[in-house]
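Have the sequence and the 3D view at hand as you read.

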Amino acid sequence: MKPEEYEGNTQYMRYEYHRVREGPNYFVSYYKNTSRLHYDPKDTWRTLGNAKFTDTGKALKEWCLLMDESYGVPQRNKWNTDTTLEDGRVDTSFASEVQNEEENPCLETKMVT
């Protein structure tokens with residue numbers, strides 16, 4: 001899908017919000033010759049460092065929170081109401097059988113020195 005771009009992007013500072021079908025939505029930040037992927041809007045805003053207190057930094061914070069409220073919160077609410085996740089899968093491994101036994105086989109072992 002096409003990313004939502006921050007309107008204040010420049011040559012040296014660029015922020016995008018990516019909406020995806022599978023998995024969580026995320027932000028991509030390009031700042032000071034590095035690019036990072038963020039899931040939290042506040043982490044995206046924090047990449048500015050001391051510049052986050054400027055007018056551009058404050059506008060970026062508002063944009064990040066707006067994108068998260070518009071697209072991220074409904075997506076997380078949809079995941080939390082999904083009933084298939086609550087059922088889970090029954091653990092049938094050997095470790096689960098040992099934990100269910102009332103006898104502990106380790107109590108009958110002796111150390112030889």
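A residue counts as exposed when its relative accessible area is over 50%, and as buried when that area is under 20%. Keep those two cut-offs in mind for what follows, and note that this is a predicted model.

Asn33 sits in the loop between β3 and β4. Lys32 is found in that loop too, and because its relative accessibility is 62%, Lys32 also counts as exposed.

The backbone here deserves a look. Most residues other than glycine have a negative phi. Lys32, although not a glycine, has a positive phi of about 55 degrees, and the phi of Asn33 is positive as well, near 60 degrees.

| Residue | Phi | Relative accessible area |
|---|---|---|
| Lys32 | about 55 degrees | 62% |

Within it, Val28 stands opposite Leu37 of β4.

Is Glu16 buried or exposed? With a relative accessible area of 8%, Glu16 falls under the 20% cut-off and so is buried. This residue lies in strand β2, and its side chain has polar partners: a contact of 3.2 Å joins it to the side chain of Arg14, and one of 3.0 Å joins it to the side chain of His18. Beyond its neighbours within four places in sequence, Glu16 is in contact with residues including Pro3, Glu4 and Glu5, as well as Tyr26, Phe27, Val28 and Trp63.

**The nonpolar core**

Which residues make up the largest nonpolar core? There are 11 of them: Tyr6, Met13, Tyr15, Tyr17, Phe27, Tyr31, Leu48, Leu60, Trp63, Cys64 and Met67.

Leaving aside neighbours within four places in sequence, Tyr31 is in contact with Tyr12, Met13, Tyr15, Thr47, Leu48 and Ala51. Met13, Tyr15 and Leu48 are core members along with Tyr31. Phe27 and Trp63 belong to the core too, and both are in contact with Glu16.

How values were computed
Residues are numbered from 1 along each chain as its sequence is written. This is a predicted model: local features need pLDDT of at least 70, side-chain atom pairs count only at pLDDT 80 or more; totals for chains, interfaces and linings use all residues. Side-chain values use heavy atoms; hydrogens and water are left out. A nonpolar core is a set of buried Ala, Val, Leu, Ile, Met, Phe, Trp, Tyr and Cys residues joined through side-chain atoms within 4.5 Å. Buried means under 20% relative accessible area, exposed over 50%, partly exposed in between (1.4 Å probe, protein chains only). Contact means heavy atoms within 4.5 Å. Helices (H or I, at least four residues) and strands (E, at least two) are DSSP runs, numbered from the N terminus. A polar contact is a pair of N or O atoms within 3.5 Å; within protein, one must be able to donate a hydrogen and the other to accept it, and residues adjacent in sequence count only if both atoms are side-chain atoms. Two strands pair if DSSP finds at least two bridges between them.
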